[in-house]
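Work through the exercises below with the sequence and the model open. Each task is followed by a solution in steps.

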Amino acid sequence: MGNVVAASSGIEPTAARSNSVAASLGLPEPAQLSSSRSGTDGAAATLIAADVGDASKEHTLENPGTVEELHKKCKDVQAITFEGAKIMLNKGLSNHFQVSHTINLSTTVPSGYRFGATYVGTKQYSPTEAFPVLLGDIDPSGNLNANVIHQFSSRLRCKFASQIQESKVMATQLSTDYRGNDFTASITLGNPSIFTNSGVIVGQYLQSVTQRTALGAEVAYQYGPNVPGRQIAIVSALGRYTNGDSIWSGTLGPSGLHLCYYQKASEQLQIGVEVETSLRMQESVATIAYQIDLPKADLVFKGSIDSNWHISGVLEKRLQPLPFSFTLSGRMNHVKNNFKLGCGLMIG
Amino acid sequence: MVLSEGVKERLGVVVDIVQTTFHWGFVPMVLYLGFSKGAEPGMPPLSLLSLLWQ
């Protein structure tokens, strides 16, 4: 998703949260048809790919995934911290239906209760994914986050997300992805309004050039009375280079440069490095993050440090055999002298 | 796109109704879909209480 949409709509947290909700529900993540040659069979897969490649004269370019997922591997390694206490009860009523009750106590984000409901339909294009997916969560004062994801055919997928706060639509986003054999094209409409005549349109295209390289472009067009000159268009170039267990990805545009590097160092350790330069804000932030998986201890630890001296860590431990999962989060900044601690318990 | 004031007003009413319906209807719709799908075969049937506890 373009920075423009993120900046102007503020819906990204919703989408991110719904994704993490989906992940915690064990729901299908958007398909990653990209050549994710990670994991144990990475070497074997590469060998086989080399054999097959010789035979078929390397005409087998794979789908590169969406532009939205370009930096995903690197971003996933980074710790997402929270503040305060969180208790979440997940209840699966059937394979297609799940509800959740969340109590959040915090000084920074609104505290209180949230109710969430998820429905997963029966239309299947792959064994792990079913559509449509409807996610809704609402709090007692009526603040709603709604997400609808539907796959109309094996290539065409639509996503709708909306955020309503205090009976006002804060953000709406409708995006459509088309996955070709070796490319993905997406178009996103954000906050369209016929009354103020404003909105954001983002077009994205990602093409596999070789088996390891994907290149693409993004055009973001924003119009409305608040936009200087009533309309503005920003073109960015993007690319990704996958080499075995490491991935380079980058976005370059007039607003800045965003570079990501991801490396799977071993079965337990993954490392991500990110540099983000914003010309408008005149600042650069670099982040180094790592993730340690210890499946034997049912433990995942994510840690990161960035050039603003934010040190973050999130520990996630499943308390087997109980269906509980415990999360401890900390974020510290020695320079600004602040510290945030969060702990969470997820049941179910 | 230029809309006259009258059209804007009427469109505003329609958009308001759609918005309110969506706002208060979305989560109930998800619940309705889930309940109409029913429980898994061999499991006890779903009731409103099963939203809270078994």
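**Exercise 1: the interface**

Chain A and chain B bury about 2500 Å² between them, with 76% of it on carbon and sulfur atoms; buried area is the accessible area (1.4 Å probe) that two parts lose on being put together, summed over both. The model is predicted, so local features need pLDDT of at least 70 and side-chain atom pairs count only at pLDDT 80 or more, while totals for chains, interfaces and linings use all residues. Residues are numbered from 1 along each chain as its sequence is written, chains are lettered from A and ligands numbered from 1 in the order in which they are written, and side-chain values use heavy atoms, with hydrogens and water left out.

Task: describe the side of chain A that touches chain B.

Solution. 
1. Start with the area: A:Phe97, A:Tyr119 and A:Phe195 supply 23% of what chain A buries against chain B, more than any other three residues.
2. Count the residues: 32 of chain A are in contact (heavy atoms within 4.5 Å) with 28 of chain B.
3. Look for polar contacts: four residue pairs qualify, both residues at pLDDT 80 or more. A polar contact is a pair of N or O atoms within 3.5 Å; within protein, one must be able to donate a hydrogen and the other to accept it, and residues adjacent in sequence count only if both atoms are side-chain atoms.
4. Assign the elements: β1 (84-94), β2 (97-105), β3 (112-126), β4 (129-138), β5 (144-151) and β6 (156-165) of chain A each supply at least two residues of the touching side. Helices (H or I, at least four residues) and strands (E, at least two) are DSSP runs, numbered from the N terminus.
5. Sort by class: the side has 18 nonpolar, 12 polar and two charged residues. Ala, Val, Leu, Ile, Met, Phe, Trp, Tyr, Cys and Pro count as nonpolar, Asp, Glu, Lys and Arg as charged, and the others, Gly among them, as polar.

**Exercise 2: a serine in a strand**

Task: is A:Ser208 buried or exposed, and what does its side chain reach?

Solution. 
1. A:Ser208 belongs to strand β9 (residues 198-208) of chain A.
2. A:Ser208 counts as buried because its relative accessibility is 7%.
3. Its side chain reaches the backbone oxygen of A:Glu62 at 2.6 Å.
4. Not counting residues up to four places away in sequence, A:Ser208 touches several residues, including A:Leu61, A:Asp182 and A:Thr213.

Notes: Buried means under 20% relative accessible area, exposed over 50%, partly exposed in between (1.4 Å probe, protein chains only).
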